[in-house]
Amino acid sequence: MKLTSDQIKDNRPIPVTNAFGKHDKNSHVALAGNQNPGLSWDDAPEGTRSFVLICHDPDVPSKPDDVNQEGREVPADLPRVDFYHWVLVDIPANQRQIAAAADADGVTAKGKPGGPSPAGGIRGINNYTDWFAGDADMAGDYYGYDGPCPPWNDSIVHHYYFTLYALDIEGCGLSGRFGGPEALAAIEGHVLASASLTGTYIINPRLT
């Protein structure tokens, strides 16, 4: 199985159009286009009954002490954790693409709704749900795609893994408020094949 995109090129920078945040010389960071990239796939294995798509960033700081703090930089040797940016389950077996901007086109304060996505499949929540939990203007459940916005003072480039899984089940049995870990647990033992693309992104101007 092969996964391709007009926007995401393997191990190359993700376009600002597909990012949640971008560098701003005055405020360090500003909102970006936040369009989901278009994806296409082929050569699904025989017996495929549905697909699951997950995008995650494994380079997120495990401690917030230095994150976005003036005069400081997040150290490269700080342990990192996963941050899920896009979870779609129950994508129909006959679907072979997701159109650009179909699931997200711009930043939606307080998050997009759950349930069926215009891109196909069922939306799970992403980790902006946790990130904005204490922000009165932005707090909410963030479903579907929301793109990269690493700390503006991080000392490493972040990597974004877009992974498509072909499954031998028609549905994952997930609904309501579920995220990446729940989706991965639900598909365990049901993956016939997978394919992935990796994009990179950084806001720190010292590294760009």
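Mentor: Two strands are said to pair if DSSP finds at least two bridges between them. Helices (H or I, at least four residues) and strands (E, at least two) are themselves DSSP runs, numbered from the N terminus. With these terms, strand E7 (residues 80–92) and strand E10 (residues 122–123) are joined by 2 bridges and run antiparallel. Leu88 has Arg123 of E10 as its bridge partner.

Before going further, note that this is a predicted model, in which local features need pLDDT of at least 70 and side-chain atom pairs count only at pLDDT 80 or more, while totals for chains, interfaces and linings use all residues. Residues are numbered from 1 along each chain as its sequence is written, and side-chain values use heavy atoms, with hydrogens and water left out.

The pair E7 and E10 belongs to an open sheet of 7 strands, ordered E2-E12-E11-E6-E7-E10-E9, with mixed pairing. At the edges stand strand E2 (12–13) and strand E9 (115–116); each has a single partner strand, so one side of each is left without a neighbour in the sheet. Helix H2 (residues 180–187) packs on the sheet and touches strand E6 (50–61), E7, strand E11 (158–167) and strand E12 (191–201), where contact means heavy atoms within 4.5 Å. The direction of H2 makes about 55° with that of E7; axes are lines fitted to C-alpha atoms, for helices over the stretch in contact, and angles run from 0 to 180 degrees between N-to-C directions.

In a regular strand the side chains alternate between the two faces of the sheet. Let us now turn to the aromatic side chains. Rings of Phe, Tyr and Trp (its six-membered ring) pair if their centres lie within 6.5 Å; planes under 30 degrees apart count as stacked, over 60 as edge-to-face and the rest as tilted. A search of the whole structure finds 9 aromatic pairs. One of them is the edge-to-face pair of Phe83 and Tyr128, at 5.1 Å centre to centre and with 75° between the planes. Because Phe83 lies in strand E7 and Tyr128 in helix H1, this pair ties together parts that are 45 residues apart in sequence.

Since Trp86 lies in strand E7 and Phe162 in strand E11, the pair ties together parts that are 76 residues apart in sequence. Trp86 is buried, with a relative accessible area of 0%, and Phe162 also counts as buried, at 1% relative accessibility.

Phe83 and Tyr128 also take part in one aromatic cluster, together with Phe20, Phe132 and Tyr142. To review strand E7: this strand is joined to E10 by 2 bridges, is touched by helix H2, and carries Phe83 and Trp86.

Conventions:
Buried means under 20% relative accessible area, exposed over 50%, partly exposed in between (1.4 Å probe, protein chains only).
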